[in-house]
Amino acid sequence: MPHDELNIITLVSVGAHPTSGRARRAEQDARAVELGLRLGGDRLQVLHAGNPREEALRAYLGMGLAEIAVLEQPAQADALPALAEYLAEAGAQLVLTGSQAETGEGSGMLPFLLAERLGWPLVVGLAEVEKVENGVAQVLQALPRGQRRRLRVRLPFLASVDNAAPAARQSAFGPARRGTLEACDVEVVEDTLLAEARLQPARPRPKRLKVIKAKTGAERMKAATAKASGGGGKVLKDLSPAEGAEAIFKLLMEEGVLR
């Protein structure tokens, strides 16, 4: 099946600038739109659950879209039921999302919950869709240290993209103003978990690996692409529980996990 015959839907959200907090298109969602445009062209459908009057959504229209379908609902509503119902009725074969929202909960759970509800397979870290034949897609999945893994997955399926996907094209002002945000009425389901939760800024996790200080570009490239080596480790045998705990504590202190 040619790419331009696939029924592709990309889910988008409202992002936030990391410094100013100003509303904008989400970086990973924009990469998902870019990948969808390369695969489906004008046939690509883009879907958002939220406020149809959100001006930040026009940045996606500026990528060359004629319209964005918006499932109109308040910010505190649960987007999962509305999205699942829409995708099932639309006959989607490939659904693309970002891996994590830049605003709101930002838990990164939506792709997993949506795939579970639809009963579809989920591909995490999609970098490229190479071909689709006989209802089976051959894709590249991004792995750490720039590695790639080739997978074969049966349609329909859902895939989340991250920074390994192609960079999004620039948003043009003219198409952004000419495109339309088409509001759709859906049943509003209250998100009880979000209503009871208390949101707070995420804190960076402690680094478990030592920082490699390289002077030249070649050394930095080698350090970034080299696989982890176990040459500096130790094999501990016949230790008492106290000695084993002391060895683990010492390693955690050296790696900066504990302070």
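Okay everyone, quick one to start: is aspartate 238 buried or exposed? It's exposed, at 79% relative accessibility, where exposed means over 50% relative accessible area, buried under 20%, and partly exposed in between (1.4 Å probe, protein chains only).

Before I go on, some housekeeping. This is a predicted model, where local features need pLDDT of at least 70 and side-chain atom pairs count only at pLDDT 80 or more, while totals for chains, interfaces and linings use all residues. Residues are numbered from 1 along each chain as its sequence is written, and side-chain values use heavy atoms, with hydrogens and water left out.

Back to aspartate 238: you'll find it in the loop between helix 7 (217–225) and helix 8 (241–255). Helices (H or I, at least four residues) and strands (E, at least two) are DSSP runs, numbered from the N terminus.

Asparagine 134 is in the loop between strand 7 (122–133) and strand 8 (136–142), and it's exposed, with a relative accessible area of 74%.

Why point these out? Because most residues other than glycine have a negative phi, and most peptide bonds are trans. Proline 156 sits in the loop between strand 9 (148–154) and strand 10 (157–161).

Last stop, threonine 97, in strand 6 (residues 94–98). Threonine 97 is buried, at 5% relative accessible area. Leaving out residues up to four places away in sequence, its contacts (heavy atoms within 4.5 Å) include Leu11, Asp29, Pro111 and Val161.
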